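Dear colleague,

I am handing over the structure we spoke about, and below it you will find what came out of going through it. Please read the notes with the structure open beside them.

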Amino acid sequence: MSLPKRILKETERLRNEKDTGIKATIHGDNLRYFDVEINGPEGSPYEGGVFELELFLPEDYPMSPPKVRFLTKIYHPNIDRLGRICLDILKNNWSPALQIRTVLLSIQALLGAPNPDDPLANDVAQKWKEDENAAKATARQWTKEYAKKVSDQKEEA
Amino acid sequence: MGNSVGRERSYSNPGNGVGGSGGSAGAGRPFVVPASGSSRHRHHHGIVIGDGERPSGNAFTRHEQRYRDREAREAAKAEKERLAAIEREKERERSMREENVDGGFLVTQGVYTGAEDFKHKIVRQLMIERRLAPFFKGLSDHEDDWTDEELIAAVKAELGENDPEENEKKGKGKESTATSPSSSTPNIDHLTVPIASRSRSHSYTSDTSSTSANSHRASSNNPAARLRSKTLSNSPKVSSIAIPTQQLAPGEAVIPGRQVDGRHVWAVLYKDALECPICFLYYPPYLNKTRCCDQEICSECFVQIKRADPHLPDHHQEPSTSSNPASAPAAQSTTGTTGNAELLTSEPASCPFCKETDFGVTYTPPPFRLGLVLQSQQNSPPATTSSSPASPSTPNVRRHHHLPHNAPQVVTTDQIRPDWSQKLAHARAQAARRAAAATALHTAAFLMNSTASSSSNPLTGLTSSSRRMLRRVDPATGASSPSAPNSGSGTPQNGGRSSPNPRPGQSQELLSTAGLQLLGINQPRSSSAGSGSNQAQQVVRARMEDLEEMMIMEAIRLSLAEEEERKKREAKEQQKKDGSGSSGDGAGGEGSAANATSSGETVGSSG
Amino acid sequence: MTAKVPRNFRLLEELEKGEKGLGADGCSYGLTDSDDVMMSKWNGTILGPPHSVHENRIYSLEIYCGDNYPDSPPQVRFISKINLPGVNGTDGKVDLSKLPRVANWNRDYTMERILVGLREHMAHPSHRKLPQPAEGQTF
């Protein structure tokens with residue numbers, strides 16, 4: 001069985017994706033494996049940073065959710081040290097009507113609205129609750145240190 | 001786990017936004033992927049004990065036996081699955097050749113590659129009754145301005161060698177009968193096909209709905225059935241006389257031909273094709289509609305959506321232990337082991353578009369009828385001469401209210417998997433059995449514990465954690481078991497790397513702590529074994545050994561018990577099948593057969 | 001053609017399985033450094049099989065999953081000293097081709113399979129009585 005038409009079509013549509021600050025390109029020769037870039041949303045501590053992720057569409061996608069992980073170090077209560085993401089639509093709340101694009105936009109939205117009450121990284125969540133400003137400052141610091149800069153990304157293009 | 005941040009903003013596709021939050025979506029759970037690998041490569045260290053060093057007792061042999069048993073089971077399972085897959089493929093080919101409903105098919109078209117666990121017989125029946133859209137062939141591309149010829153060519157291209165028309169021509173060519181092979185001539189002989197298809201669908205159901213020993217029966221049955229169906233379709237002249245007395249069709253008949261109002265049915269069907277929002281393929285505009293939000297969904301996608309596997313309720317997960325590691329084992333102990341079995345649950349699938357629970361669809365068929373019909377419907381005007389609606393309802397009228405899931409015209413995902421409740425009951429029973437075994441083990445461990453002179457930390461630690469350990473092995477909790485306290489890593493806490501040259505005595509400490517960890521126990525850091533007396537450590541060591549032995553024995557006992565039970569069920573099943581072979585509804589029987597299979601699988605994976 | 005799970009997601013699967021403590025076969029494994037986004041270095045532990053000289057001993061190993069894992073097998077090395085055919089006597093490196101269970105490497109094989117295979121190897125009738133170095137020594 002060749003690659004499902006849906007994956008081909010999604011890939012095609014992602015190629016034309018513009019102005020949303022998300023980018024997904026096929027990694028090597030595995031048509032189910034994507035290199036992803038997400039721009040930190042404006043007004044968040046991640047603004048100005050470009051975060052690298054990897055995404056894989058398992059065999060039974062879209063009946064099962066894509067697997068996604070941050071490769072860029074990020075300070076966020078719902079993302080752990082290995083870049084794993086706690087987001088309902090990637091788990092129990094997945095629906096086959098969602099797509100790669102919607103998943104990436106949801107992750108971007110998660111950056112703009114952290115949820116320390118449902119943490120994956122406990123230490124970060126703790127900090128977020130105790131002293132949100134300090135936590136955000138750390139997040140900004142990490143963004144500066146580890147994420148690519150939006151300006152660099154534009155130069156590349 | 002839920003983090004519903006930014007939902008409204010993100011869901012802009014396809015068509016309807018996916019607003020609001022719902023229960024956990026059944027569709028979101030990963031489906032079972034056939035076990036791979038391990039069975040393929042079977043090397044054993046034989047238990048050839050020729051050196052006279054036969055181990056005292058049979059413990060060593062038992063240990064080895066465990067691997068062997070598991071591998072043997074996996075190999076047997078893989079073989080059964082392979083045979084079942086071959087049968088399924090044959091049946092698919094036959095059905096593609098011989099059966100259609102309004103230009104669609106009665107078998108899936110390969111959009112999804114995983115194992116099919118819906119009841120084929122039920123789905124087939126629903127499609128013949130026009131309550132569920134047939135499996136139309138999906139087109140990768142479609143343009144509104146395509147001509148009839150282009151549309152037909154597109155469908156043919158997608159079908160490839162499965163094109164029934166081509167196969168018909170080929171088949172006819174080989175035959176020496178004088179029948180004209182024109183596809184446009186209504187083939188009256190096909191009127192007798194339902195008999196064959198009925199006999200086929202019987203064996204089909206029995207082998208595809210379960211991979212248990214039924215497949216053996218089915219595969220030995222099938223050649224005969226296939227022969228019969230071949231004879232039937234290839235030598236039509238005889239068939240119409242010879243066969244009908246053999247089996248009475250359950251009210252099925254065939255409206256022959258491929259023409260609607262002088263146009264090819266595919267041209268008519270695909271003219272205004274729609275894209276299914278889930279598989280992105282183009283289908284005739286006669287698709288199922290969700291009962292809740294009136295969204296299109298093709299049957300290929302619909303049959304994939306199902307309940308979540310039995311699991312513990314979401315809020316019932318173990319608390320994150322990292323904040324207070326010491327209290328965690330105690331908390332778990334009080335949760336009790338038997339209670340969890342009853343808590344196992346499985347919610348109905350929810351709508352992929354609007355998240356409404358009890359997902360169901362309705363279907364409005366095209367205004368013409370072709371292929372298999374129920375005899376009661378046969379009196380409606382033949383499609384080849386008229387396109388007047390055979391169905392009272394008019395297609396493409398948008399509903400403005402949503403239908404309840406128990407409305408008669410709604411087909412739910414539970415309807416095509418009627419065994420879900422049995423599966424749940426089975427999972428509960430199994431969890432309860434395992435919990436009981438765990439309790440027994442725990443009691444044994446506790447008794448040994450009380451014989452020890454010391455009551456130092458490691459001992460109590462072991463007792464309370466042993467229960468936790470056993471709970472972890474439990475498939476019910478295992479499924480939803482959260483990660484270990486140090487959730488970021490699986491690094492052994494006391495993995496023996498702390499010091500390259502352990503002090504004398506440290507290895508003992510290492511043993512007890514690392515041993516606990518090996519057994520899946522996250523021993524609280526505070527209860528280091530260091531303070532225990534040497535004697536106590538000896539006891540720990542002895543007990544760990546005993547515990548492991550007991551676990552192995554218990555695992556074997558459980559697997560034997562379940563195997564026994566599986567056999568009993570199979571025997572019962574066999575009896576039932578033999579006794580009432582032609583009863584109309586085989587769903588109940590199939591369900592328990594499937595159960596038997598799943599019990600075998602569970603043993604295989606976690607035993 | 002089935003979906004080919006990329007290295008990193010495959011390692012995440014193995015990590016999760018290890019974290020859940022489902023490795024009930026007397027073996028456990030986990031990341032050496034929980035910050036290591038590339039997930040290359042792992043620790044393995046084998047509980048010596050019963051009724052052998054290894055009984056009650058805990059063996060530590062290090063596992064290195066290179067860029068080509070799981071297409072290529074990982075490098076496996078005993079940290080705890082052991083006398084076992086297929087294990088280099090000076091540096092503890094494991095020759096996986098000597099382990100029946102994983103000799104013909106296949107990308108479906110896992111670190112768990114290697115550890116279980118090693119434990120079986122230790123319990124093999126012709127290995128289980130081999131004289132062992134004193135407990136607690138390392139390579």
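A salt bridge is taken here as a side-chain nitrogen of Lys or Arg within 4 Å of a carboxyl oxygen of Asp or Glu. Please keep in mind throughout that this is a predicted model.

Salt bridges

By this rule the count comes to 40 salt bridges over all chains, and a few of them deserve a description. In chain B, the side chains of Glu356(B) and Arg291(B) meet in such a bridge, at 3.5 Å from N to O. Glu356(B) sits in the loop between α12 and β8 of chain B, while Arg291(B) sits in the loop between β6 and β7, so the pair ties together parts that are 65 residues apart in sequence. Arg291(B) counts as buried, at 3% relative accessibility, whereas Glu356(B), at 28%, counts as partly exposed.

Lys306(B) forms a salt bridge with Asp117(B), and the closest N and O atoms are 2.4 Å apart. Because Lys306(B) belongs to the loop between α10 (299–302) and α11 (327–335) of chain B and Asp117(B) to the loop between α2 (59–98) and α3 (120–128), this pair ties together parts that are 189 residues apart in sequence. Lys306(B) is buried, with a relative accessible area of 12%, and Asp117(B) is partly exposed, with 26%.

In chain A, the side chains of Arg69(A) and Glu54(A) meet in a salt bridge at 2.8 Å, N to O. Arg69(A) lies in strand β4 and Glu54(A) in strand β3 of that chain, so the pair ties together parts that are 15 residues apart in sequence. Arg69(A) counts as buried at 0% relative accessibility, and Glu54(A) is buried with a relative accessible area of 1%.

The sheet in chain B

Four strands of chain B form an open sheet in the order β7-β6-β8-β10, with antiparallel pairing. Since β7 (296–297) and β10 (411–412) stand at the edges, each with a single partner strand, one side of each is left without a neighbour in the sheet. Strand β6 (residues 288–290) is joined to β7(B) by two bridges, and these strands run antiparallel; the bridge partner of Asn288(B) in β7(B) is Ile297(B).

Backbone details

The peptide bond from Tyr61(A) to Pro62(A) is cis, with omega near 10 degrees, and Pro62(A) is found in the loop between β3 (49–56) and β4 (67–70) of chain A. In chain C, a cis peptide bond joins Tyr69(C) and Pro70(C), with omega about 0 degrees; Pro70(C) is found in the loop between β3 (58–64) and β4 (75–78) of chain C.

Phi of His51(C) is near 60 degrees, and His51(C), in the loop between β2 (41–47) and β3 of chain C, is partly exposed, with a relative accessible area of 24%.

A surface patch

Leu8(A), Ile26(A) and Leu31(A) form a nonpolar patch on the surface, with about 210 Å² of accessible area together. Leu31(A) lies in strand β2 (residues 30–39) of chain A and is partly exposed, with a relative accessible area of 36%.

Definitions and conventions:
Residues are numbered from 1 along each chain as its sequence is written. Chains are lettered from A and ligands numbered from 1 in the order in which they are written. This is a predicted model: local features need pLDDT of at least 70, side-chain atom pairs count only at pLDDT 80 or more; totals for chains, interfaces and linings use all residues. Side-chain values use heavy atoms; hydrogens and water are left out. Patches are made of residues with over 30% relative accessible area and no salt bridge: like charges are joined within 9 Å, nonpolar side chains (Val, Leu, Ile, Met, Phe, Trp, Tyr) within 5 Å. Accessible areas come from the Shrake-Rupley method with a 1.4 Å probe; for residues, only the protein chains shown count as cover. Buried means under 20% relative accessible area, exposed over 50%, partly exposed in between (1.4 Å probe, protein chains only). Two strands pair if DSSP finds at least two bridges between them.
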